[in-house]
Amino acid sequence: MPYIDVNTCLKDNVFQKSDNVKVESGKLVFSNIDFDSLSLHHNNNVIINGKTIDLKKIENTTYTNGLDLLFDNCKFSEVNAKEVTWSNSVVIKFSLIEKVNIKSSVFKERFYFNPQYHEDKEEYICKISSFIVEDSTFEHNFKFHNCEACSTNINNTDFEKNADFFKSKFIQKDKDIVFKSINFRGLVLFGECKFHSKLIFEYVTLKGLSHFREAEFFKGLDLDKANIENEMIFYAVEGLQKTEYISQETYRIIKYNCQKIGNQIEANKYHSFELKKRQEFLNKNFFKNKLDWVVFNINWITSNFSTNWLLTTFWIFVVGFLTFMSVDEFVCYRYQCTVEFIDVFKYMSIVNLDECIKKNPLIFITNKVMLGFLYYQLITAIRKDTKR
C-alpha cells in the first residue's frame, strides 16, 4: 500500500511515514491525528496546520483528478471551507471537532460527517461544538450521522440530492435550532434525531420525501413558514404532544401529511392537538369569538374533541337522568304515581317517545338535540382509530 511522500507534499516532515497517513483506493486517509486546522482550498488543495497538500500531485497514485479525503478518529480545532468549489468527496468520521465553518462554497461530490453503515460492528459518535453552513451548495449526497452538535446554524443552503441527519443530537439549549432559507431537493431524513431546543424550519422548501421517524422533540417543532411539496412522515415521534411549544398551523401541517400517507390514527391525534391550540386562541380572544368559543368548549367538555368515547357515554347518561328528573319526577309529584329508576334508560334513546312528547314537548326536543349531538360524538370517538 503506497504511502504519501511527505517531502513532496508538505516540504517538511509534518507527518511521518506511517499508517497514520496513506493512499487507499483513491482516498487520502488520515487516522488518529490531532490537527490544529483543516481548510479546503482552490484547485484541489487542502491546507493542514498551515501546510498545503496538492491532491493531484500525491506521489505513487494515478488519480489525476485528485484524491478523496477521509479522516478517521481525528481531532480538529476547526474545519473550514470558504468560497471554494470542491470536486472530490470528503468524509470525516468518529472525530472531535471544535468548529465547522462552511461559507459560500460548492461541493460537487459527497460530503459526509460520520457515515454509519449496516456493516459497521459498532456505532461511533462525532462530536462537533459548532456547526455553521451558510450560502453553500451540496450537489451530491450529504450525511450528518450520529453527530452531537452543541450549536447549529444552517442558512441559505441548497441540498441538491439527499440530506441525511440520522440519529444526530442537536443539544444546544440556549436558543432555537433554526434551519433557514434552505432548499432540500431530495430525500430528507431526520430519523431518530434528538432536538433539545425547538426546531424551526424558516423559509425551508422540502421538495422530496422527508421523515422524522422516531425523532424526539424536547421543545417542539415549527413548520409555519415551511414550503412542503411532498409527504412528511412522523411515525413514532416523541414530544409533539407538548402543545405549549407548537402552533396550530404546525399541527395542521402534520395532520395533513399523516392523512396523505393514510395514517388516520396519527392524523386524528394531531387533529385533536390542532383543536386544542384553536381553543387556547379562542380563550384569549373570547369577546371577538363568543360563538366559536361556545362550540369549541362544548366539544371539549363532551368528548375531548371526539377522542374520548367514555366521556361522551357519561354525558349520555347525564342527559337521560336529567330528562328523567325533569319529566317523570315532575309528573309523579303531581299525580303521586310510582316511577322506577330504570326509566332513566328510556330517555337515553334517540328514537321518538310519544309519552315524552305528551308530558313536555320542550324537554323532548331538548333531549333529542342533545342526544343526537352526543351519539354523533360517540361514533366519531369510537371510529377515530379505525375509519378508513
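**Notebook: salt bridges and parallel strands**

I began with charged side chains and found E123, K167 and E192 linked in a network of salt bridges. For my own reference, a salt bridge here is a side-chain nitrogen of Lys or Arg within 4 Å of a carboxyl oxygen of Asp or Glu. I keep in mind that this is a predicted model, where local features need pLDDT of at least 70 and side-chain atom pairs count only at pLDDT 80 or more, while totals for chains, interfaces and linings use all residues. Residues are numbered from 1 along each chain as its sequence is written, and side-chain values use heavy atoms, with hydrogens and water left out.

**Entry 1: the salt bridges**

How many salt bridges does the structure hold? I noted 13. As a reminder to myself, side chains of opposite charge can pair when their charged atoms come close.

I looked up E134 and found its side chain in a salt bridge with that of K103, at 3.8 Å from N to O. This pair links distant parts of the chain, with E134 in strand β15 and K103 in strand β12 (residues 96-103), 31 residues apart. Strands in my notes are DSSP runs of E with at least two residues, helices are runs of H or I with at least four, and both are numbered from the N terminus.

Is E134 buried or exposed? E134 counts as buried because its relative accessibility is 18%; the cut-offs are under 20% relative accessible area for buried, over 50% for exposed and partly exposed in between, with a 1.4 Å probe and protein chains only.

Next I checked K194 and E216, whose side chains meet in a salt bridge at 2.8 Å, N to O. K194 lies in strand β23 (residues 194-195) and E216 in strand β26 (residues 216-217), so this pair ties together parts that are 22 residues apart in sequence. K194 is partly exposed, at 29% relative accessibility.

E266 is buried at 17% relative accessibility, and K269 is partly exposed at 32%.

**Entry 2: strand β18 and its partners**

I followed β18 (residues 147-159) and found that β15 pairs with this strand in the parallel sense over eight bridges; two strands pair if DSSP finds at least two bridges between them. In that pairing, C126 stands opposite C147 of β18.

Strand β16 (residues 137-138) also runs parallel to β18, joined by two bridges, and T137 stands opposite D158. I saw two bridges from β18 to strand β20 (residues 169-170), again parallel, with A149 opposite F170. Strand β21 (residues 177-184) pairs with β18 in the parallel sense over five bridges, and there N155 has K180 as its bridge partner.

**Entry 3: a look at S130**

Which strand holds S130? I placed S130 in β15, residues 126-134. S130 counts as buried because its relative accessibility is 15%. Leaving aside neighbours within four places in sequence, I listed its contacts (heavy atoms within 4.5 Å) as E98, K99, V100 and S151.
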